[in-house]
Amino acid sequence: LDTLINQKVLSEEAVKRGIDKREDIIERTENLKRQLVGQALAQEILASIDVGEADAREYYKKNLEEFERVRASTLVVRQGTDKATAAEKALSIAERARAGEPWESLSAEADESRNEYINRGGFPAEAEADIFDGKEGEISGPLEVGNEFFIIKLEKGPEPVPFSEVSRKIESTIVNEKVLEYVNGLREKWGVVVYKERLEEQGQ
């Protein structure tokens with residue numbers, strides 16, 4: 001309550017001093033107004049979009065490759081403070097795995113060992129291609145992602161992720177696409193043109 005009272009008192013004093021007439025305040029007020037009005041419209045648009053299970057299943061079928069996964073055994077070597085040593089260790093493990101050394105013994109040398117499903121989109125595109133294009137039993141890696149190296153043995157795969165596991169994600173994607181379609185329609189209606197070259201020149 002005290003905070004609200006203080007804000008009210010300060011606001012009235014600011015108006016009395018004419019601060020509300022300053023150009024910078026008027027500009028910021030208009031910007032805030034545009035944001036609030038735009039957000040209100042966005043909420044109305046979202047509320048009007050109804051995505052049913054049939055819509056989600058249709059999207060799933062049309063984009064089935066996007067929802068593939070493989071089953072894999074994964075060894076992880078963390079970089080820590082010595083990336084070069086970690087890279088050498090990961091390469092050694094990968095080469096010995098390809099030479100046929102038992103996976104279990106190599107697991108003991110890695111920082112982490114796990115059996116998992118890897119979904120499309122879980123790795124950068126280049127690394128993902130190595131994993132998904134491989135043959136069962138094939139070793140990929142070491143793949144450097146973030147601060148870790150991954151050695152991956154493909155156990156099975158690619159297969160579709162069950163619809164039930166991705167239905168929420170699909171619904172969200174469809175909603176986002178419909179909102180973007182609506183906004184692009186408004187941009188076209190209002191004749192919005194973005195000169196990217198000029199923006200790049202200004203950013204230099």
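Helices (H or I, at least four residues) and strands (E, at least two) are DSSP runs, numbered from the N terminus. The structure described here is a predicted model, in which local features need pLDDT of at least 70 and side-chain atom pairs count only at pLDDT 80 or more, while totals for chains, interfaces and linings use all residues. Residues are numbered from 1 along each chain as its sequence is written, and side-chain values use heavy atoms, with hydrogens and water left out.

## The sheet

Pro 158 lies in strand E4, and a cis peptide bond with omega of about -25° joins Gly 157 to Pro 158. Strand E3 is where Pro 142 has its place; the bond between Gly 141 and Pro 142 is also a cis peptide bond, with omega of about 10°.

Both strands belong to an open sheet of 4 strands, in the order E2-E1-E4-E3, with antiparallel pairing. Strands E2 (112-119) and E3 (139-145) stand at the edges with a single partner strand each, so one side of each has no neighbour in the sheet. On average, neighbouring strands are turned by 35° against each other, direction ignored. Axes here are lines fitted to C-alpha atoms, for helices over the stretch in contact, and angles run from 0 to 180 degrees between N-to-C directions.

Strands of a sheet pair through backbone hydrogen bonds, either parallel or antiparallel. Two strands are taken as paired if DSSP finds at least two bridges between them. The table gives the pairs of this sheet.

| Strand pair | Sense | Bridges |
|---|---|---|
| E1 and E2 | antiparallel | 8 bridges |
| E1 and E4 | antiparallel | 10 bridges |
| E3 and E4 | antiparallel | 5 bridges |

Strand E1 covers residues 68-78. Ser 73 stands opposite Asn 115 in E2 and opposite Lys 153 in E4. Ala 72 faces Leu 154 in E4, and Arg 69 has Asn 119 in E2 as its bridge partner. E1 is mostly covered, with 9 of its 11 residues buried. Buried means under 20% relative accessible area, exposed over 50%, and partly exposed in between (1.4 Å probe, protein chains only).

At the other end of the strand order, Val 145 has Glu 148 in E4 as its bridge partner. The hairpin of E3 and E4 has 2 residues between the strands, and Gly 146 there takes a positive phi near 65°.

## Helices on the sheet

Helix H4 (residues 83-98) lies across E1, E3 and strand E4 (148-160), and runs at about 165° to E3. Helix H6 (residues 125-132) packs on the sheet and touches E1, E2, E3 and E4, its direction making about 165° with that of E3. Contact means heavy atoms within 4.5 Å.

## Aromatic rings and charges

A pair of aromatic rings is described by the distance of the centres and the angle of the planes. Rings of Phe, Tyr and Trp (its six-membered ring) pair if their centres lie within 6.5 Å; planes under 30 degrees apart count as stacked, over 60 as edge-to-face and the rest as tilted. The structure holds 4 aromatic pairs. One of them is edge-to-face: Tyr 60 and Phe 163, at 5.4 Å centre to centre and with 75° between the planes. This pair links distant parts of the chain, since Tyr 60 is in helix H3 (residues 53-62) and Phe 163 in helix H7 (residues 163-189), 103 residues apart. Tyr 60 is buried, at a relative accessible area of 12%, and Phe 163 is buried at 12%. Tyr 59, Tyr 60, Phe 67 and Phe 163 form one aromatic cluster.

A charge sits over a ring if NZ of Lys or CZ of Arg is within 6 Å of the ring centre and within 35 degrees of the ring normal. Arg 69 lies over the face of Tyr 117, 3.7 Å from the ring centre. The charged end of Arg 120 sits over the ring of Phe 132, at 4.2 Å from its centre.

## The ends of the chain

Helix H1 (residues 2-16) has 15 residues, which at 1.5 Å a residue should span 21 Å; the end C-alpha atoms are 21 Å apart, which agrees. The expected span is 1.5 Å times one less than the number of residues. Just after H1, Gly 18 takes a positive phi of about 80°.

Arg 187 is found in helix H7 and counts as partly exposed, at 38% relative accessibility. Not counting residues up to four places away in sequence, Arg 187 touches Val 192 and Val 194. The C-alpha atoms of Arg 187 and Val 76 are separated by 47 Å, and the two residues are 111 residues apart along the chain.
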